[in-house]
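I opened my notebook for a quick look around this one. Here is what I looked up, entry by entry.

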Amino acid sequence: MNHALTQLQPYPFEKLRALLAGAQPPADKRPIALSIGEPKHKSPDFVAQALANNLDQLAVYPTTLGIPALREAIAAWCERRFGVPAGWLDAARHVLPVNGTREALFAFTQTVVNREARGLVVSPNPFYQIYEGAALLAGAEPHYLPCLEDNGFNPDFDAVPADIWQRCQILFLCSPGNPTGALVPMEQLKKLIALADKHDFVIAADECYSELYFDEENPPPGLLSACAELGRSDFKRCVVFHSLSKRSNLPGLRSGFVAGDADILKAFLLYRTYHGCAMPVQTQLASIAAWQDEAHVRANRNQYRAKYDAVLEILQPVLNVQRPDGSFYLWAKTPGDDTTFTRELFAREHVTVVPGSYLSREVNGENPGAGRIRMALVAPLAECIEAAQRIRHFLQG
């Protein structure tokens with residue numbers, strides 16, 4: 001057996017199940033889950049129809065590189081969304097379809113990490129646990145950068161010692177972040193690119209929440225936006241990860257893409273060819289329809305805006321919680337221990353949230369998620385409102 005498997009920590013939801021075991025919530029209150037970040041809005045009908053229209057492609061072996069039409073649709077979307085000049089993204093070299101970002105983030109780490117170099121995989125803390133597991137199984141050491149309120153819930157990149165950057169092989173970014181919803185500003189992205197050049201590491205930007213934001217006139221920038229402003233047409237050391245799961249309410253389609261540095265993607269394609277995870281052709285054709293339409297994405301954002309407005313109006317008088325820059329999470333401060341709060345809330349109100357300490361790691365005696373909870377506003381509006389009312393009732397005793 002791979003001994004690195006013993007280094008993996010239980011997933012947050014395993015810990016949550018153990019925490020809630022034996023608790024008996026009121027039978028007259030239906031369960032409301034704000035714990036798992038699984039979109040519950042209706043998937044677009046036209047995507048389902050495109051999938052159904054192409055079921056004859058079940059008889060076709062898909063290629064790992066994907067069909068040209070999908071790669072071209074993705075490149076065109078990146079140009080529109082992130083201001084990438086036309087022609088910079090070569091669909092054949094700079095874009096690779098993947099089966100959702102979770103699988104891609106893990107496989108990408110196995111591709112990039114040099115096991116012989118005592119390398120670090122640097123990530124925000126709290127973080128998406130795939131970053132940590134992928135690092136350990138690639139033979140690297142995870143290094144965690146705390147995301148604290150006094151720095152806008154972003155890492156203090158200026159405080160990272162030079163020797164950490166020198167050992168860094170991959171820097172994971174998540175913007176807007178999970179669970180904090182914080183956005184990495186454009187100027188910070190540019191500074192990180194300069195650091196990547198100086199110390200020769202790869203920036204892997206997990207941007208799966210990039211289309212969940214509040215101001216239609218000011219979409220948040222991404223790593224490709226920074227490359228465009230810098231005139232970095234080769235996207236050197238820069239790779240982004242995107243998905244249809246949150247943007248288009250299609251988590252079950254398992255469709256996303258990786259884009260950026262062509263040399264890195266060439267190696268990643270080789271790894272994936274052996275890994276055996278090509279996207280089915282009918283899924284690719286349905287994905288083209290999704291990437292080419294923005295109306296359903298705007299409607300999706302409108303639904304989340306309505307939920308944030310309603311829930312924050314109920315909770316802010318009794319709970320320390322703010323509207324994030326993006327995503328569909330609330331990162332609230334608890335009056336006391338986050339695990340105790342989570343268990344008692346479940347036992348009294350039948351509402352499930354995730355303790356922040358389960359999404360973070362303790363470093364130098366500090367867990368940046370301790371004393372917070374993550375709430376995913378993925379349920380229908382009425383359920384989110386009811387959950388907020390129950391939480392307020394719980395807090396008011």
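I started with Tyr-271, whose relative accessibility is 28%, so it counts as partly exposed, since buried would need under 20% and exposed over 50%. I kept in mind that this is a predicted model.

Next I checked where Tyr-271 sits, and found it in helix H10, residues 262-275. Which residues does Tyr-271 touch, not counting those up to four places away in sequence? I noted Ala-107, Gln-110 and Thr-111.

What is the strand order in the open sheet of three strands? I wrote down E9-E12-E11, with antiparallel pairing. E9 and strand E11 (354-355) are the edge strands, each pairing on one side only.

I looked at the E9 pairing in detail. Five bridges join E9 to strand E12, residues 372-376, and the two run antiparallel. Going residue by residue, I found Trp-331 opposite Arg-374 in E12, and Lys-333 opposite Arg-372 in E12.

**The annotated domain**

Last, I turned to the record. UniProt, in an unreviewed entry, places "domain: Aminotransferase class I/classII large" at residues 32-389. Over residues 32-389 I noted 40% helix and 15% strand, with the end C-alpha atoms 12 Å apart.

Notes
Residues numbered from 1 in each chain as written. Predicted model: local features only at pLDDT ≥ 70, side-chain atom pairs only at ≥ 80, totals over all residues. Heavy atoms only, no water. UniProt positions renumbered as here; feature names shortened; annotations may be inferred. Helix = DSSP H or I, 4+ residues; strand = E, 2+ residues; numbered from the N terminus. Pairing = 2+ DSSP bridges. Buried < 20%, exposed > 50% of the residue type's maximum accessible area, 1.4 Å probe, protein only. Contact = heavy atoms within 4.5 Å.
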